[in-house]
Amino acid sequence: MQERASVQAAKKGFALPQVPKILVYIVGFIPAVWLFYAGITDQLGADPMRTLEQELGEWAFRFLIATLTITPLRQLFSVNLLRYRRAIGLLAFYYALLHLITYTVLDQGLDFAAIGADIVKRPYITIGMATFVILVPLAITSNNLSIRRLGGQAWAKLHKLVYLAAIGAALHFILVVKSWPLEPLIYAAIVAVLLGYRLVRSLGRKPAPRRRPA
Amino acid sequence: MLIRRPSDILPSEITPREIYLNRRQWMAGAAGLGLAAAFPGWAEAAPLSAAKSPFSTDEKLTSREDVTSYNNYYEFGVDKDDPAKNAGTLKTSPWTVKIDGLVGKPQEIGIEDLIKSSTLEERIYRMRCVEGWSMVIPWVGFPLSDLIKRAEPLGSAKYVAFETANRPNEMSGLRTVFPVLDWPYTEGLRLDEAMHPLTILAVGLYGETLPNQNGAPIRLVVPWKYGFKGIKSITRISFVEKQPQTAWNKQTPSEYGFYANVNPNVDHPRWSQATERRIGEGGLFAKRRPTLMFNGYAEQVASLYNGMDLKKYY
């Protein structure tokens, strides 16, 4: 269903120059490569582990938000970037994985007792971990084979979990900081707008499936 | 420049800065001076003479660069590098500290007079932030008790309240649409905590006057408490009868108590306080170290809290 929609939309969308998807991955991984390089060469400030951890988390969140902008961009502005959505979504997952590895290995030194206590006792870590768990099946099924196996509708339904992941990421970010600094609130507001847009649109729509005029 | 070992110097002696700074520290200081042009807040850094103190730790110092570039000073922004970037706008001269409330001698003292009339000491203290990181900082300052004695507190004075400068024109963090804290920043101590010999008013670090991002021209340092108790750029010290309101406690009372003693057994509601990362130690692969009760100053201060439930009075 999603694929078909993309073909339809692509016909009426802007004629954007198409770039190979591999380029999205290459560009997308530049921040991670730079961060690791900067970390090893002592360019991440006084608390390099914390900077690395936070930056990887923020990039995961940015890519997650980027996947959520694809549909509104297409529907509202006829800008069709659908063919890059899978790559962007997977980048969000890879960054979340790197963020998690930084926390477990570099921050906690694989102290599983401390990590376990954190997951149970600390809401922001509970939420962060749950958000990552949600992203796992989405990443695993982000391929054509899975879409065929699951069927388009079931696959699309499963991938609606990304909305929950976005809410989880927003809460995770708000809960990790002291007081109410602006940055996590801005991210949360963006998520609210992107999800609110979908809610309003789904409420305004008739329950019967939309048909294109013959 | 003459660099000599300070082995034969009594703690009571005033020691010239060139002598007591060892070579590594001196080089860090020199690097700091080199950066003064880039950071306006450092432009006025002036050397301070200070005697060594038996209260100093011999742990490895956190580099001057880290001490002066990784700061929590929300009046200049919430990111760690914001204060070093933005605090240069604070005018620290002229500067007066008003002493009022339940005292026999209320007064307003100019910072130069205060420094001139005090016996400055170098105090190398551990600093443990409530966020779970720590530093070792060579402060220059004098015991708060010196100032308190001069003010002659009345018998009714039970607490000391502190206030930071409140200058939106000079403090970018005070001009945000949504205030991060209820400005001005306020802090407080029980009178016996304030009188404790470990409690100092710092006017410098690394042998020089404080950079703005570290709380110039005068700040509180209470080494057995979380860093946020160390109120910066103090303009007012009041002696009061009731426990004063403190900025972080007002913001989130369930997370930041009045006492805020470093305690590995009492977690912050959102994170553990059992361990900490020492800034500058091991870079990206630094291991956490266990946090010590009262930040390692239990021997000196534990008796202040005899019989108190530290889980309740966090």
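Modeller: Happy to! Helices (H or I, at least four residues) and strands (E, at least two) are DSSP runs numbered from the N terminus. This is a predicted model: local features need pLDDT of at least 70 and side-chain atom pairs pLDDT 80 or more, while totals for chains, interfaces and linings use all residues. Residues are numbered from 1 along each chain as written, chains are lettered from A and ligands numbered from 1 in written order, and side-chain values use heavy atoms, without hydrogens or water.

Let's start with helix α9 (residues 161–176) of chain A and helix α10 (residues 182–204) of chain A, whose axes come within 9 Å and cross at roughly 160 degrees. Those axes are lines fitted to C-alpha atoms over the stretch in contact, with angles from 0 to 180 degrees between N-to-C directions. α9(A) and α10(A) are therefore roughly antiparallel (over 145 degrees; under 35 is roughly parallel, 65 to 115 roughly perpendicular, the rest oblique). On the α9(A) side, the residues in contact (heavy atoms within 4.5 Å) are Tyr163(A), Ala166(A), Ile167(A), Ala170(A), Phe173(A) and Ile174(A). The residues they meet in α10(A) include Pro184(A), Leu185(A), Ala188(A), Val191(A) and Leu195(A).

Ser179(A) has a positive phi of about 55 degrees although it is not a glycine. Most residues other than glycine have a negative phi. At 7% relative accessibility, Ser179(A) counts as buried (under 20%; exposed is over 50%, partly exposed in between, with a 1.4 Å probe and protein chains only).

α10(A) also packs against helix α3 (residues 48–77) of chain A, with the axes 11 Å apart and an angle of about 30 degrees. That makes α3(A) roughly parallel to α10(A). From α3(A), the contact is made by residues including Glu58(A), Phe61(A), Arg62(A), Ile65(A), Leu68(A), Thr69(A) and Leu76(A). From α10(A), the partners include Tyr187(A), Ile190(A), Val191(A), Leu194(A), Leu195(A), Arg198(A) and Arg201(A).

Glu55(A) is partly exposed, with a relative accessible area of 27%. Leaving out residues up to four places away in sequence, Glu55(A) touches Leu35(A) and Arg62(A).

Glu152(B) is partly exposed, at 39% relative accessible area. Most peptide bonds are trans, but the bond from Ser93(B) to Pro94(B) is cis, with omega near 0 degrees. Pro94(B) sits in the loop between α4 (82–86) and β2 (96–101) of chain B. Another cis peptide bond joins Ala216(B) and Pro217(B), with omega about 0 degrees; Pro217(B) is found in the loop between β9 (208–209) and β10 (219–221) of chain B.
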